[in-house]
Amino acid sequence: MFVEGVALSRPVRDNMYMASPGTDSGGRAVYAHHVRALLRRQQQDDRDAIGATLSRAHFRVQGVSEQTGKGRTRRAKAPTDQRVVDFFTASPLTGRDRQTGGFRIPHFDVKPITRTFAPTRRDGHVRHGHKTTAMTAGEHFDYVTSGATIGIAAHIDYIRRETGLQDPVGDLAIDLLDAQDLRAETNRLAMFTNILGDRGRQRGLFEAAERYESSPRTHYLTASTAQVDGFRMFERMGIAPDWLRAMSRRLRDGRDELKEKAAKTGKLFRDREIPVAEVTEDEAFDRLAWLDAHPAGKDLFQWKQGRAGRVQHRFVGELPDGLSVHDRHEILARFCGELGDDGWMVIGAIHQPDRHNDRRNFHIHVDGYDRPCRWLDEHGCWDFEYVERRDGKDVRPFAQSKVRYDADIGTDGMGRPNVAGLMRRRFISIVNQVVGDRPDIVRYLHGTYADYGIAMTPLEHMGNRATGLELRGIVTEVGSRNARKIVTDEAAACEARAIAAEAALEKEVTFSRSALAHDRDALAALDRCERLERRLIRRRLQAELADVVVAMARSRADAVIRTLTPEPGRPVKKRVGDDDLRAAALEHLAWVERHSPSLAERDAERRALAKAEACVAAEWHVVQAATQQASQDQTRRRAMTYHPRVRVKQPATPMPSRYDDRKRERLHAWLVKHAADPALLVIDGDAVRLGQRVPVAIDTLMRLFSAERPIQRIMLAERARRKTAMLAGASNETSGMVEYQRMMLAPFSIEPIVSETDGAKKTGDQQTTPVREVAEPSSWASVTHQPDRKEIEAAAVQPTIAEANREARRKAARHQQALLREQAWEILRRKNAAVTAVGDRYKVDMTGLSAEDQRVLTHPDYHAELQARLAERYAEQQQRQSDLPSIMPPRHAGPRKPILPIPHVVTMPLEPPIGLRAVPAMRDTGRLGKVAALGASERAAPASPVGVVRRRDLIEGAERQIPNASPPNQEKPQSPRGVSGQLGRLAKTLGPHTDDAKSKGKAEPTVPDVRGKGSHER
């Protein structure tokens, strides 16, 4: 189904009139019994044309049994050759304009004319039924020029139609002398031509062109491939002449070729007309005469004229109503002038309406010959007619070439220059330029109905004969087809208005429902308002469709009444049977009035609609008041802001598409599945970020929909769950850490030192997304904006099913995060970052780290371990600055001693305390890991995630392996590093330095290579 040029899918179309909750889906439609009564006797084709639309509007008129109640059979149509007056068949002559408003798509027709030929006997007799239907060039010239000439009688009839006076002369409406001058001026301005000479010479040009243009070299007899058996019948009878047998063989060969071609392409074979003989006009006459003598072969083959030269073009274009005589002449002169500039020879005329058609029927007729021509006075003919004999051949030395157009003007479906489209554009542009900005005259539009979204089907050209029959009530095939198109378009227009109202209501209700998620009273009022408004839309549609059915039932009788009723300037010529025809039309109109909605019923329906509209307005007032309050509350409520990733190439600005609902569903499903994973969804206060392992597509979806209410609810609920879980975990850890304030860790207390430049760069890269309201599924409406205490406790105690299913994935993620943290921590150790103590917390200088490394180290889940490492690093720094032994408390359980104050600071030298390169025994000594004490400690140390044995792992391993380790209340063993540690004692056991072992040459300081070595090796 197409409405306003937009295709609607079947589900949308079917749900459009679906009964809302609380409505009576089986109720009777408005004026249902009137519609059924009118359609019961209407022609079946008319019922089929409008039946689908009526069914969608809840009218029960589709089945024949439903319409009549007793299984009435379809009424048979009258034969096409029989003239029948049937008032129960719709008429195309409705008397209503199909196009309304200040713009109109005009009628403009271009028809190329060729000379017509017919089967003709040698003595010149034309076969019956094959006379040329088109006017010859001379006849059409007379029709064009005579229509532009207005006689005194035609002029008085025109005045009568314009003024409505039966005797405009007697009523002093016009003066005969002035009327004669006005008529002469009108006749002069109604013609335009660029052909020099009088009317006779102008007419002779088109007659000469008709004689000069090429005639067909041959004509054709065609037959359908389905007539093979008919030809064989004459062959078996033995009466078929040789030419018929030759035609039969050619027809069979052509059918076999078409079947083979269809089989190769995989298409279904269909019968078609193909030429079976090339004949002349007299040969065609003889063969068709033989066919007429054998009735069994009726329509066995047909005549087809060969290709002939184009003798002229005929243009017809309608003019807007309300133009003056000079305006119409300006349009004609400019259009014909542009044709003349191209090289055409033209004559044009303006035809005004007569007594037989509409008073607004002003139009132009133009005959054009697309060849420049010149009259030869010395030869008394046109230049293309003059013939000379040269070298034994007839030549035309003065003939000029025809006008040619390039493909720049546009091409048609065959790839040829679209001359008709060019002429139409020219005509419409000229009319609009002449009309200007006058508001009382319509402006013409280029293109077709579909180009402007007009849901209107083009009608077929009826012609004078079919129009005359329809005016008298006689049914014609072309008239019935046009009438069904008109009725279908009117019903579709009513349905389109209902669809637009439904869409606007749905949009408004969706917005209001999302804003009133917590107001039950407002939601109830909104539901009542929606139900009433949908019922109103449906009732209006049903009333409009009932009017369409009434107009269809009246159309043919109204056309007859208008035709047989005389008007000023339009007398009616009496015919036999006109009185009976008029009486029958009046009787039919009376029957339609009895079965149509009465004035009392229409007044009752209007009162019911007004009452329902008042109820809708009252409910809508409640909804608007609640919506305004909800908007104010939403403005005061803080929403979570998504900070997108910093990409090398920023994505383009998103545009709405028909896939937005699927995108929202995908983002919603991803959040439901992964929101509980802090490595994927990072929440810091009101800021939300994505982890590095999240696909880029999710970042794009978050940019689009993170500010929408359903997504906000999921993120707010997850933030509340994490806060509750963190508070619960912190309360469990606080019980054993109360008396040691320095080691007590507060959540979210890390404050990295970041330079102003990096901080400004990071802040500048962040982007925020404003909150906006969108349509959300009803399943999300139950999710509250801020979770209450019960929901927080339930989220903290009961794990979700998705969280249990992701346990294995979490372990792998934690391992990966540990590797990243170790790498970031090693960078800090290499850079010897300064650690400071501020109250109960430790801070580290992270200026040299990237934003990603800072985010990894400051992750909330790593807070406790980072504080422990910073405390250890802080103790090491204090130890290096003091000459006292390290007194960092052990990591095993038990009471810990506070760190003693440092009495003084010892400045450490930059070079190693011992010239290791000058000690020859050091080269002979193996790796330090082979020493018994260090080897035992290394084997006993637990494995590190990055494969590096940390110093605190060595200490813990040594404490577990050495039986005489110091108890908790005694002093801690000395550190293996430093001058007083194990490495210092081992260095003192090395042999003394001798000058003999020193190499010759200038001594150079040696810098140990620490690349690729672990912390214990360095």
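Some ground rules. This is a predicted model: local features need pLDDT of at least 70, side-chain atom pairs count only at pLDDT 80 or more, and totals for chains, interfaces and linings use all residues. Residues are numbered from 1 along each chain as its sequence is written, and side-chain values use heavy atoms, with hydrogens and water left out.

Back to α3. Helices are DSSP runs of H or I with at least four residues, strands are runs of E with at least two, and both are numbered from the N terminus. Helix α3 covers residues 44–56, 13 residues in total. From first C-alpha to last, α3 reaches 19 Å, close to the expected 18 Å. That expected span is 1.5 Å times one less than the number of residues.

Which residues of α3 are buried? Among them are Asp45, Arg47, Ile50 and Leu54. Buried means under 20% relative accessible area, exposed over 50%, partly exposed in between, with a 1.4 Å probe and protein chains only.

Now phi. Most residues other than glycine have a negative phi. After α3 comes His58, with a positive phi near 70°. Tyr31 is not a glycine either, yet its phi is about 55° and positive. Tyr31 sits in the loop between α1 and α2. Tyr31 counts as buried, at 10% relative accessibility. Asp299 has a positive phi near 60°. Asp299 lies between α11 and β8, in the loop. Asp299 is partly exposed, at 49%.
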